[in-house]
Amino acid sequence: LFQTDRIGNVSSAFYHCHCRPASTMRNNNAPKNLDMLEVLDDIIASARKNGYEKKYEKELQNMVLEHILITSINRVAQQQHPEKEEVIRKMREYVMTRYPDFRNSDAFREMARNRRIIASLNARGLHRFSRFLLSVTNRVK
């Protein structure tokens with residue numbers, strides 16, 4: 001994707017996701033979610049190696065913020081695994097080490113307001129409150 005000159009998107013769905021109970025997305029293995037940090041490191045390293053890190057800086061940062069501060073932390077926060085708090089701490093540390101001023105970035109400012117709130121809460125270690133807000137929102141819907 002880094003090397004293409006055009007990328008498009010289609011709003012229609014063309015696949016059906018089958019999530020097994022033991023999948024990474026649904027299991028209770030909190031430490032397994034740390035694999036996402038390695039994947040993100042590999043993507044960023046590839047962008048750096050091929051000279052695309054500056055060109056796609058906002059997109060790379062958005063990917064980290066979305067996948068770690070919003071999606072992964074909220075997924076792990078729902079689990080009952082005894083190491084979940086340590087995993088969440090490592091995820092927060094990952095983001096804050098790489099993007100300590102993320103709140104001032106274009107990637108953050110361009111997120112929807114509700115996503116900025118969740119990301120900010122999770123970055124501050126307030127994932128329990130974040131989960132509460134999300135559950136209330138889901139009930140209202």
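User: Hi! What does Glu66 touch, not counting residues up to four places away in sequence?
Analyst: Hello! Leaving out residues up to four places away in sequence, Glu66 touches Thr71, Met111 and Arg115. Contact here means heavy atoms within 4.5 Å.

User: Before we go on, what kind of model is this?
Analyst: This is a predicted model, where local features need pLDDT of at least 70, side-chain atom pairs count only at pLDDT 80 or more, and totals for chains, interfaces and linings use all residues. Residues are numbered from 1 along each chain as its sequence is written, and side-chain values use heavy atoms, with hydrogens and water left out.

User: Thanks. Where does Glu66 lie, and is Glu66 buried or exposed?
Analyst: Glu66 lies in helix α2. Helices are DSSP runs (H or I, at least four residues), as strands are (E, at least two), and they are numbered from the N terminus. With 17% relative accessibility, Glu66 counts as buried. Buried means under 20% relative accessible area, exposed means over 50%, and partly exposed is in between (1.4 Å probe, protein chains only).

User: What about Asn74, which contacts does that one have?
Analyst: Asn74 is also a residue of helix α2, and at 7% relative accessibility it counts as buried. Not counting residues up to four places away in sequence, Asn74 touches Ile118, Asn122, Ser130, Arg131 and Leu134. Asn74 and Ala119 are 45 residues apart along the chain, and their C-alpha atoms are separated by 9.8 Å.

User: And Ala77, how does that look? What does Ala77 touch?
Analyst: Ala77 has its place in helix α2 and is buried, with a relative accessible area of 12%. Its contacts, not counting residues up to four places away in sequence, are Lys84, Ile88, His127 and Arg131.

User: Why would residues end up on one face of a helix?
Analyst: An α-helix has 3.6 residues a turn, so residues three or four places apart point the same way.

User: How many residues does α3 have, and what should it span?
Analyst: Helix α3 has 15 residues (84–98), which at 1.5 Å a residue should span 21 Å, and its end C-alpha atoms are 21 Å apart, which agrees. The expected span is 1.5 Å times one less than the number of residues.

User: Let's switch to the core. Which residues touch the most other members of the largest nonpolar core?
Analyst: That core has 32 residues, and Val64, Leu65, Leu69, Val95 and Phe102 touch the most other members. Its largest share, ten residues, comes from α2. A nonpolar core is a set of buried Ala, Val, Leu, Ile, Met, Phe, Trp, Tyr and Cys residues joined through side-chain atoms within 4.5 Å.

User: Nice. What are the neighbours of Leu65 that it touches?
Analyst: Not counting residues up to four places away in sequence, Leu65 touches Ile70, Val95, Phe102, Ala107, Phe108 and Met111.

User: New topic: rings! How many aromatic pairs are there?
Analyst: A search of the whole structure finds three. In one of them, Tyr52 and Tyr56 have ring centres 6.2 Å apart and planes at 45°, so the pair is tilted. In another, the rings of Phe129 and Phe132 have centres 6.3 Å apart and planes at 25°, so the pair is stacked. Rings of Phe, Tyr and Trp (its six-membered ring) pair if their centres lie within 6.5 Å, and planes under 30 degrees apart count as stacked, over 60 as edge-to-face and the rest as tilted.

User: Where are Phe129 and Phe132 in the chain?
Analyst: Phe129 and Phe132 are three residues apart in helix α6, separated by about one helical turn. Phe129 counts as partly exposed at 43% relative accessibility, and Phe132 counts as partly exposed at 48%.

User: Last one: what sits over the ring of Tyr94?
Analyst: The charged end of Arg98 does, 3.6 Å from the ring centre. A charge sits over a ring if NZ of Lys or CZ of Arg is within 6 Å of the ring centre and within 35 degrees of the ring normal.
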